[in-house]
2 protein chains.
Amino acid sequence: MRILIDMDEVMADAIERFLEWYERDFGIRYTKEDLYGTKLHAIVPEEHRQVVKQYPHQKGFFKDLPLIPHSQEMIKELNDRFDVYVASAAMEFEYSLQDKYEWLDKHFPFIHWKRRILCGDKSVLKGDVLIDDHDFNLSVFNGRAIMFTATHNMHETKYERMNTWLDAEKFFDMK
Amino acid sequence: MRILIDMDEVMADAIERFLEWYERDFGIRYTKEDLYGTKLHAIVPEEHRQVVKQYPHQKGFFKDLPLIPHSQEMIKELNDRFDVYVASAAMEFEYSLQDKYEWLDKHFPFIHWKRRILCGDKSVLKGDVLIDDHDFNLSVFNGRAIMFTATHNMHETKYERMNTWLDAEKFFDMK
C-alpha cells in the first residue's frame, strides 16, 4: 500500500512560522485559535495582507520549521509497514525546495530520496492514500483521501479526518 | 492528454556537463560518441570513477545546462495542445533542485509551477505519456513510454524511440 503524506501542516508546522514572522514585522502575536477556519492573510489588517501572502516566497520561510506533534514516531511506524512517500506541493515556492529537502534529511532521514516528491498539482500522483490538509489536494486524488486537521480546515466536512498523528493507528489497523 | 517529460538528456544536456567537468579535472575531453551505450564513469580510468559519479551531487552541476536541440520550440508546441508536465527524478541530487527550478524559469517559463515535478521514483506518477531517456523510469510507468535517445541508451530496443525533438510531431499527430 502506497501512502502519500503532505508536508506543511501535516509534518511541518508552517503556520507557526507565519505567526512568528508576523509578530516580528508588526508586533502582534496571533494565536492558532485565531486561525480556525481561516488563514492569517485573511484576518490581518488589509494593508498587511500582501506582506503575509509573500512570506512563503521568501528565503528561509521553510527552514527549520517545527514538527507537527508525533509526526516523526508515527510516520516511522507507517514507513516500517507501508510504502510511505512524502508529497509536497512545493513548486509554488521556489526557495522552499532546498529547505524542505534538508528538513526531511534532519527529521525524517528514514524517508529515502526515492520516496520524496516536490510537485505542483497533486492530481499527477498515484497512490492508495493521501494524508493532506488541503481540499484542493485531496479532491483531485483518486485513492483514499484523509484530511489532516489544521487550523484552516477545521470546518471542512467532506473527508475522513485525522486530528493528530496519534490517530494514525486506527486508520491503518496497525495495532 | 497528460504528457510527462523528463529533464536530463531530454530537455537539458547533462552529459555535456560531465564531459566539461571531466576535462576540467583530468585534461581529457571525451566525446559523446565515446559514450554510446555507456556512461562516463564506466569508461574513465578506474581511479577517476568515484569522482565522476560524485559530479551531479556537487553544487552547480545542474546550473545553466545547455538545451537539448529543439526542446524549447517542440515542448512549447506540445504544451499548447496537451497537458505537459516536467517530471525529473531529481531527488537523488540535493543541490539540483534549485538549479532545475531556475533553469525551467529561464528556458521553459511557459511550464507553470503547477506542472513541475521533482521526484525520486517515477512509479508514483500518473499520466498518459512519459518521454524519458531511462529504462528504469519508463519501465515503471503505466502509460505510453517513449524513450528519448541519449548516448547511454543507444542500444535499448524495448521502447518506441524519439531520436530528436523534431520527431515529436509524428508521435502526437500534430500536423
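The model is predicted, so local features need pLDDT of at least 70 and side-chain atom pairs count only at pLDDT 80 or more, while totals for chains, interfaces and linings use all residues. Residues are numbered from 1 along each chain as its sequence is written, chains are lettered from A and ligands numbered from 1 in the order in which they are written, and side-chain values use heavy atoms, with hydrogens and water left out.

## Where the chains meet

Let us begin with the interface. In chain B, 25 residues are in contact with 25 residues of chain A, contact being heavy atoms within 4.5 Å. The size of an interface is often given as the accessible area lost when the parts come together. Here chains B and A bury about 2500 Å² between them, and 56% of that lies on carbon and sulfur atoms. Buried area is the accessible area (1.4 Å probe) that two parts lose on being put together, summed over both. On the chain B side, B:M91, B:V124 and B:K126 lose the most area to chain A, and together they make up 25% of what that side buries.

As for pairings across the interface, the rule finds zero salt bridges between chain B and chain A; a salt bridge is a side-chain nitrogen of Lys or Arg within 4 Å of a carboxyl oxygen of Asp or Glu. The rule does find 17 residue pairs in polar contact across this interface, both residues being at pLDDT 80 or more. A polar contact is a pair of N or O atoms within 3.5 Å; within protein, one must be able to donate a hydrogen and the other to accept it, and residues adjacent in sequence count only if both atoms are side-chain atoms.

Three elements of chain B give two or more residues to the side that touches chain A: β1 (2-5), α5 (96-107) and β3 (116-118). Of the elements, α5(B) gives the most, with five residues. Helices (H or I, at least four residues) and strands (E, at least two) are DSSP runs, numbered from the N terminus. Sorted by class, this side of chain B has twelve nonpolar, four polar and nine charged residues. In that scheme Ala, Val, Leu, Ile, Met, Phe, Trp, Tyr, Cys and Pro count as nonpolar, Asp, Glu, Lys and Arg as charged, and the others, Gly among them, as polar.

## Two annotated aspartates

Next, a stop in chain A. An unreviewed UniProt entry places the feature "active site" at A:D6 and A:D8; UniProt positions are given in the numbering used here, feature names are shortened, and annotations may be inferred rather than shown by experiment.

A:D6 sits in the loop between β1 (2-5) and α1 (14-26) of chain A. With a relative accessible area of 5%, A:D6 is buried, where buried means under 20% relative accessible area, exposed over 50%, and partly exposed in between (1.4 Å probe, protein chains only). Beyond its neighbours within four places in sequence, A:D6 is in contact with A:M11, A:A87, A:S88, A:K122, A:I131, A:D132 and A:D133. With A:K122 there is a polar contact between the two side chains, at 3.0 Å.

A:D8 is found in the loop between β1 and α1 of chain A, and is buried at a relative accessible area of 16%. Leaving out residues up to four places away in sequence, A:D8 touches A:A14, A:F62, A:L65, A:K100 and A:D133.

For contrast, A:G27, in the loop between α1 and α2 (40-43) of chain A, is exposed, with a relative accessible area of 60%.

## Salt bridges within the chains

Side chains of opposite charge can pair when their charged atoms come close. Over all chains, the structure holds 38 salt bridges, including these:

| Salt bridge | N to O distance |
|---|---|
| A:K32 and A:E16 | 3.8 Å |
| A:R144 and A:E160 | 2.5 Å |
| B:R144 and B:E160 | 2.5 Å |

B:R144 lies in strand β5 (residues 144-148) of chain B and B:E160 in strand β6 (residues 160-162) of chain B, so the pair ties together parts that are 16 residues apart in sequence. B:R144 is partly exposed at 32% relative accessibility, and B:E160 is partly exposed at 33%. In chain A, salt bridges that share partners join A:D13, A:E16, A:E23, A:R29 and A:K32 into one network.
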